[in-house]
Each structure stands twice: as C-alpha cells, then as structure tokens.
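Hello,

Here is the structure for your files. My notes on it follow below.

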Amino acid sequence: MEDEKMRRRLTLLITLILISIIITPYTPLTAENIPAPMDIVDIDHLKPIETFSGFLYPRIALPAFVSPQSSFKIVLYTPVTGNNVEKVYLDYDGARYELEIMSVDPRGEKTVVTVFVGDLPEGLYDLYVVAGGKTYVEYNSVSVKSSRGYPLKILWYSDTHYDTRRSGIKQRDNFLKLIWRANFINPDFVIVTGDVLNTATEENYVSFIKDINNLLRVPLILVPGNHDHHYKEDLFTKYLAPSNISINIGPLHLILVDTGPNGMNGWITNDQVEWLRQDLEKYGAMETKIIASHHPFSMLEESDVSNPAALEELLQSSDIDLVLHGHMHYSIVEDDKKPLRLTLPNAYEGGQPYTGFRILKVTGPHKIEWRYGDSKDPYPMFDLEVYEYQIQNGSYNGYYLKVVNNMAVAVEGTIFAKIKSGNNILTEGVSADDLNKIEFPTFTIYSTDVTVNPGETKIFKIYGEEDNEPPSLVDVSISSSKGKRITELIYLTLEDKVSGIERVEVSYTLDNETWSKATVYRLTYNLFYTEVKHDPDNGFALRVTAYDAEGNKFVSEPLNYSLIVSGAGPEPTAGGQEISIPYPETAIVVIVATLAIVVYIVYRRKLATK
Ligand SMILES: [Ca+2]
C-alpha cells in the first residue's frame with residue numbers, strides 16, 4: 001500500500017518536472033541563473049596565510065582569467081578583512097566597474113565572495129573589495145577577455161632575479177626591457193619559472209608590485225624559486241601569489257609547484273605528490289595540461305622529505321603535455337621523455353647557450369608549439385629589442401614603440417596605446433583605420449596586431465598632438481654611500497608630455513675642468529639611476545641631458561653639489577667612471593677564497609710544526 005503511494009507520488013513528480021521543462025521559456029543569462037562554472041583555482045587548496053593585500057585569490061601573480069557575462073570567486077583572508085563584504089569593483093586606470101555580489105560564504109579563515117562580471121571592456125584590472133568599511137586592493141589581478149579558446153599564447157621567462165638594491169641595479173634595468181618585450185608580444189599571460197626576485201627584502205617585494213602594476217600590461221603568473229624563499233616567512237605568498245596551486249585558463253590547466261628553498265637540488269614531498277595526484281584527477285577533463293616548477297624534476301633530491309621517484313611515476317602515467325623548469329641558467333630540452341620537459345636559461349646576460357625566452361602556443365587539445373623556428377633552442381633574448389618610451393596609463397598623449405627584430409623568425413605583437421581622450425589621433429608605421437578602438441571615460445585604447453619580420457626595425461607612433469617639447473627634469477634624489485671615497489647614488493625622475501623619454505645622459509665634474517660621462521640605468525619609464533664617486537673633501541657637479549622619442553633635447557643647468565660650476569661646461573670627455581656593481585656573488589667568491597687561503601696557511605703551519 002505504502003509502495004503504491006510512493007509510486008504515484010514519484011510519477012506525479014516526474015510529470016511535473018517534465019511539464020516545467022517544456023513550458024520554461026528561454027531566459028537570458030543573468031547573475032541569478034548563470035551555471036556555476038568550475039572554479040578558476042582550487043579554493044580548498046589555498047593556504048590561509050596573512051597576505052599584504054588581504055587577498056588569497058586572485059593575486060597580482062595569479063590573476064583570475066574571466067570572460068564577460070560570467071562569475072568568479074574571490075577569496076579573502078578573514079582575520080584581516082572580516083566577512084562583511086559591502087562592495088566589489090574593478091578599476092582600469094581610473095575607469096571603475098562595480099561587480100554584482102552573488103554570495104559571501106565564510107569558511108573559517110577564508111571568505112569566498114562570488115561575483116558576476118557583466119559586459120566589461122577587455123583588459124587587465126585592479127580588484128577592489130570594500131569590507132567592514134575598509135578598502136582592499138590587489139593590482140593587475142583580473143584579466144577580462146571575450147574569448148578564452150585556442151590558440152593561447154604564453155610568454156615564458158625564467159630566473160629574472162629582479163632587485164632594487166644597488167647590487168642588482170643592472171637587473172632592474174634589464175627587467176624593464178623584459179616588461180616592454182612582454183607588452184609587445186601581448187601573450188595571454190607571462191610565466192616566470194622562479195628566482196623572480198633576487199633574495200628580496202620586503203621593500204624589494206613592494207617595489208616589484210609597484211613596477212608590475214605601473215609597467216606590465218599583460219597577466220603575470222609566477223612560480224617561486226629558491227631565491228624567492230625567505231628564512232623568516234613565506235614572503236612570496238605574502239606579497240605575490242600562492243604556490244602549490246593549479247589554475248584554469250580557458251582550456252588550459254596549469255599546475256604550479258614549489259620545489260622549496262633548497263638552492264642546489266630542490267625537493268618534492270609526499271604530500272605534494274598526493275596533491276598532484278588529486279589535482280590531475282579533479283581536473284582530468286581539462287584538454288591541455290602544463291606543469292611548472294623552478295628546480296628541474298630530474299634534479300630533485302631524494303631524502304626523508306623528498307620523493308622524486310613517486311613524482312616521476314605520476315608524471316609518466318599522467319596526460320600532462322609539457323613540463324617547464326628554470327634554475328639551471330642554461331637550456332635543456334628533454335624531448336625524449338614523456339612528458340616533454342624544457343628548462344629555460346635565465347633572463348639577463350649570461351644564459352647558456354645564450355640568454356633566452358620562449359613563446360609557447362597552445363593550438364588545440366594536447367597541442368603545444370614550443371620551438372624557435374626549426375630550432376629546439378630558446379628565442380635569443382637580445383635579438384628582439386623592444387623600446388616603449390611613454391607610460392601607458394591613459395594620462396599621456398603618445399605611444400612610441402620601436403621593435404628591432406634580429407631573430408631568425410618573424411615576431412607577432414600588438415601595439416597598444418592608451419591615449420588621453422579628446423584628441424584626433426595621428427599615426428606612423430600603422431594606419432589609423434586599422435586600429436581597434438575601445439573608449440573609456442578619460443582615455444581611449446587604440447590597438448592592432450602587427451608582424452615584424454626577421455632583420456626589420458619598425459617604429460610605431462600613435463599620438464594626440466605633435467611633440468615639440470623636450471623632456472623635463474622633475475626630481476633629483478641623492479644619497480651617499482661612504483667608503484674611502486664617497487659614492488653618490490643618484491635617482492633622476494624625468495617627464496615628457498607626449499612621446500616619452502628615449503634616453504638620458506649624465507656627465508659630471510669633480511674639478512670644474514674635466515667632464516666625464518656616467519653610466520646611466522633605466523629603472524622605469526621615467527626613473528633613471530647613476531653613480532658618481534668623489535673624494536670626501538671635494539664636491540661634484542652634474543649635468544643631465546635627455547632626449548624624447550621625437551628627438552627633442554633637454555640639457556639641464558649644472559647641478560652643483562659643493563662644487564660651484566658656472567655655464568654649461570665643455571662636452572664630456574670619453575671614459576669616466578664605470579659603475580662597479582658589488583654583486584653578492586663576488587662577495588661570496590672573496591669569502592671562499594679568503595677561507596681557502598686561511599685553511600692553506602694553517603695546514604702549512606701544522607706541517608711545519610710536525
Ligand atoms: Ca616631448
């Protein structure tokens with residue numbers, strides 16, 4: 001009897017469901033009825049630690065890759081932000097878009113906020129959350145793109161060793177060029193396989209965030225290397241991104257593995273291998289899989305805490321398509337192994353067989369192009385020079401780009417100008433009719449894809465007014481480093497209204513007679529660095545010369561520092577002071593050599609007394 005009742009109820013229920021399906025009209029996608037997508041990152045695997053921004057995800061070095069008319073999840077560190085989330089918005093150089101909050105879900109130390117992205121212009125946005133009356137921001141952390149399908153373009157650098165200390169000033173100069181190259185190549189994202197910063201202090205991390213936010217226009221994904229680890233705490237996660245995490249970017253599943261602080265070999269724990277096993281199961285349906293770590297898996301140390309054999313077994317039985325490594329500062333191609341493994345040289349001078357980068361193109365399920373033309377070697381870094389002279393934050397009137405391609409292959413890139421609104425634009429190197437245009441409240445973005453063939457140098461200009469004015473010197477900041485002689489550390493800030501600063505030259509005099517040229521490093525679009533050494537009882541004077549990208553020249557009056565100079569002085573003579581960089585590596589070599597000598601002397605004495 002009860003059974004009969006149940007059967008009738010069930011039949012009625014099924015009939016009702018069928019009828020409701022048939023009579024339900026087509027409803028457009030809104031925040032209320034959008035299907036729940038697969039989370040972009042595995043939220044359960046995010047380590048709840050106190051971060052600089054209050055965000056656990058997305059981060060400046062692990063952004064959310066979203067499309068208009070979809071939702072994504074933000075994870076906050078609750079002890080800092082609380083769960084009283086009032087407002088979420090995206091910001092693009094002052095253009096602000098509020099996102100609809102669909103839910104706020106407190107989960108212990110994590111607060112998961114689901115938000116809906118409406119019809120937003122494509123771009124890389126800063127994410128703001130207002131919670132408990134306070135505003136939290138994570139820069140460059142939401143990438144909006146209308147299509148996330150194939151082909152995906154990935155720009156891969158390794159071992160950038162960014163540093164803002166005096167000892168690493170060359171690296172920061174080089175880093176700006178890495179950013180210009182990345183902006184032009186315009187990949188879906190840039191990945192750096194570790195040693196991103198050079199044993200950084202918290203100050204260096206803050207400077208790194210500032211530089212990325214001000215200079216880089218494409219999403220950034222980072223894997224920590226041994227130099228990114230800190231003896232005190234996990235500064236990489238605090239400032240940049242979680243590690244031991246995976247992310248979905250369209251059809252691509254990218255797994256980021258932290259192989260630890262061990263400089264020589266790195267390690268992989270059983271817990272990490274178990275996590276990888278679960279991750280590959282959970283995201284088995286993803287069409288293309290790449291795994292990245294700093295230390296090559298073949299180098300990992302076997303120990304109580306490290307189990308590379310278990311990792312190797314898992315790798316070989318997996319459907320991972322490509323493995324990316326750094327650390328070695330030379331190129332290794334293991335295309336006889338399954339899966340294919342590539343190790344990239346460092347991204348500044350001294351890589352082997354040369355300093356290089358790679359452009360990876362994911363063209364279909366399990367299909368990744370990784371070669372440089374017909375060669376298995378990486379793209380030669382310095383054979384592709386990209387110079388972008390004006391900061392592109394929507395408050396200037398010009399975009400001047402120079403691309404020098406000495407590589408064996410053509411390079412495809414994007415010109416991308418954010419020009420202050422209110423002007424008709426003029427162009428060179430590209431036709432104004434060929435430019436795509438996106439209007440924001442205070443600026444307009446003009447962009448188009450271009451190709452620069454082997455052996456070609458191309459100059460592209462997009463500007464709102466003619467540039468007849470030279471750059472100006474905005475600020476000179478000097479601090480002294482005292483030794484036998486005094487070294488003056490000199491930071492120069494310049495500005496140019498339209499085309500941007502092409503180069504800066506500094507000459508100096510110690511005796512009011514001879515002028516010499518100083519070596520100048522470029523740190524950002526408008527910040528330059530140089531050094532002058534002098535005796536403690538003598539002063540010095542400087543003269544700054546700057547050219548904008550249109551060739552307008554600025555020459556400063558002599559800047560007198562306890563040395564009175566009148567007039568501009570004669571042209572500088574050749575030579576002058578080369579900046580000698582006190583590399584930590586040099587110090588280590590000196591210490592080791594000294595120790596060796598001491599040991600040798602002690603040994604000799606012992607022999608003599610015997
Ligand atoms: Ca100018």
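**Helices α6 and α7**

Helices α6 and α7 are roughly parallel to each other (angles under 35 degrees count as roughly parallel, over 145 as roughly antiparallel, 65 to 115 as roughly perpendicular and the rest as oblique). This is a predicted model: local features need pLDDT of at least 70, side-chain atom pairs count only at pLDDT 80 or more, and totals for chains, interfaces and linings use all residues. Residues are numbered from 1 along each chain as its sequence is written.

The axes of α6 (residues 270–282) and α7 (residues 308–317) come within 9 Å and cross at roughly 10 degrees. Axes are lines fitted to C-alpha atoms, for helices over the stretch in contact, with angles from 0 to 180 degrees between N-to-C directions. Helices (H or I, at least four residues) and strands (E, at least two) are DSSP runs, numbered from the N terminus.

On the α6 side, the contact uses Asn 270, Val 273, Leu 276 and Arg 277. On the α7 side, Ala 310, Leu 311 and Leu 314 make it. Contact here puts the C-beta atoms of two residues, placed from the backbone, within 7 Å.

**Strands**

β28 (residues 472–482) and β29 (residues 486–495) run antiparallel, joined by 10 bridges. They form a hairpin with 3 residues between them. Strands pair if DSSP finds at least two bridges between them.

β29 also runs antiparallel to β33 (residues 527–534), with 8 bridges. Leu 492 of β29 stands opposite Val 476. In β33, Phe 528 is the bridge partner of Leu 492.

Elsewhere, 3 strands form an open antiparallel sheet in the order β23-β26-β25. β23 (411–420) and β25 (436–439) are the edge strands, each pairing on one side only. From one strand to the next, the twist averages 20 degrees. β23 pairs with β26 (residues 443–452) over 10 bridges. Within β26, Thr 444 is the bridge partner of Ile 419.

**Thr 78**

Thr 78 lies in helix α2 (residues 78–81). Thr 78 counts as partly exposed, because 19 C-beta neighbours lie inside 10 Å. The cut-offs: buried if 20 or more other C-beta atoms lie within 10 Å of a residue's own, exposed if 12 or fewer, partly exposed in between, with C-beta atoms placed from the backbone.

Neighbours within four places in sequence aside, Thr 78 is in contact with Asn 83, Pro 106, Glu 109, Lys 110 and Thr 111. Pro 48 is 30 residues from Thr 78 in sequence and 8.8 Å away in space, C-alpha to C-alpha.

Best wishes
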